[in-house]
Amino acid sequence: YPGAEQFVPEQRNRDDLAMAAADCRGCPLYKDAEHVVFGEGPTDARLMLVGESPGRNEDKQGRPFIGDAGKLLERVLEEAGLSRDEVYITNAVKHIRWSVEDGPGNPKAPGVKHIQACRPWLDAEMQMVTPQRIVALGTRAARGVLGQEVTISKSRDQFHTSLWGVEVVVTYHPAAVLRHPVSEERDRIFERMVEDLRRAQRPLE
Ligand code: URA
Ligand code: SF4
């Protein structure tokens, strides 16, 4: 894919970026999406949370993490002593990916090529927010900010270095809590996410 780079404007305020992203043709995902979903939150936030890509509800409304995963994420944030409006929340990929195999109306995780194509928007958000730390929610998000694949269970307990040099805490995607069939496991993953969000707030060394 050609990538988003040529669509990223010089202006670095959130609304200009979001408007320009709506016209991005950096990969094919724009074609079947209803809305672009750009990051939201204070541009002086200390934490930048990065998800995977918009889901069904996000695609409809053009806002990140407003469905079930978003509600769960808000609960995690609250338990970790944070509120949604003090963090910047975005996704590694800005348009929804609809599944072809599973029939219409089924979202699918973005591929490595979409994540790569969309990275210039993350670059622009990083320049705009200059967060102290990044929290990657799930493996695709980690791929977006680290440029490589990691295993969540093996990566949680250490800080990683993002492509921009900023420290990254890798944790689960909120959907991992929602989708786990075993309720004790759901609780456990939730608690781990809270721990990870607390760790992300520790002062820099
Ligand atoms: N899941 C994500 O990764 N991002 C969203 O914005 C919503 C659900
Ligand atoms: Fe551009 Fe990203 Fe949308 Fe692809 S997913 S068209 S790179 S904004």
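**Helix crossing, burial and a ligand shell**

Author: Helix α3 passes helix α8 in a right-handed crossing, where right-handed is said if the near helix is turned clockwise from the far one by less than a right angle, and left-handed if anticlockwise. This is a predicted model, in which local features need pLDDT of at least 70 and side-chain atom pairs count only at pLDDT 80 or more, while totals for chains, interfaces and linings use all residues. Residues are numbered from 1 along each chain as its sequence is written, and chains are lettered from A and ligands numbered from 1 in the order in which they are written.

Reader: At what angle do the axes of α3 and α8 cross?

Author: Two packed helices are described by the angle between their axes and the distance between the axes. Here the axes of α3 (residues 68-79) and α8 (residues 183-200) cross at roughly 55 degrees and come within 8 Å, and α3 and α8 are therefore oblique to each other. The contact (C-beta atoms, placed from the backbone, within 7 Å) is made by Val76, Leu77 and Glu79 of α3 with Phe190, Met193, Val194 and Leu197 of α8.

Reader: Which residues of α5 are buried?

Author: A residue is buried if 20 or more other C-beta atoms lie within 10 Å of its own. In α5 (residues 139-146) these are Arg140, Ala141, Ala142, Arg143, Gly144 and Val145, and their cover includes β1, α4, β3 and β5.

Reader: Which residues are closest to ligand 2?

Author: Among the 15 residues that surround ligand 2 (C-beta atom within 6 Å), the closest are Cys24, Gly26, Cys27, His95 and Cys118.

Key
Buried ≥ 20, exposed ≤ 12 C-beta atoms within 10 Å, placed from the backbone. Helix = DSSP H or I, 4+ residues; strand = E, 2+ residues; numbered from the N terminus. Contact = placed C-beta atoms within 7 Å. Axes fitted to C-alpha atoms, helices over the stretch in contact; angles between N-to-C directions. Parallel < 35°, antiparallel > 145°, perpendicular 65-115°, else oblique.
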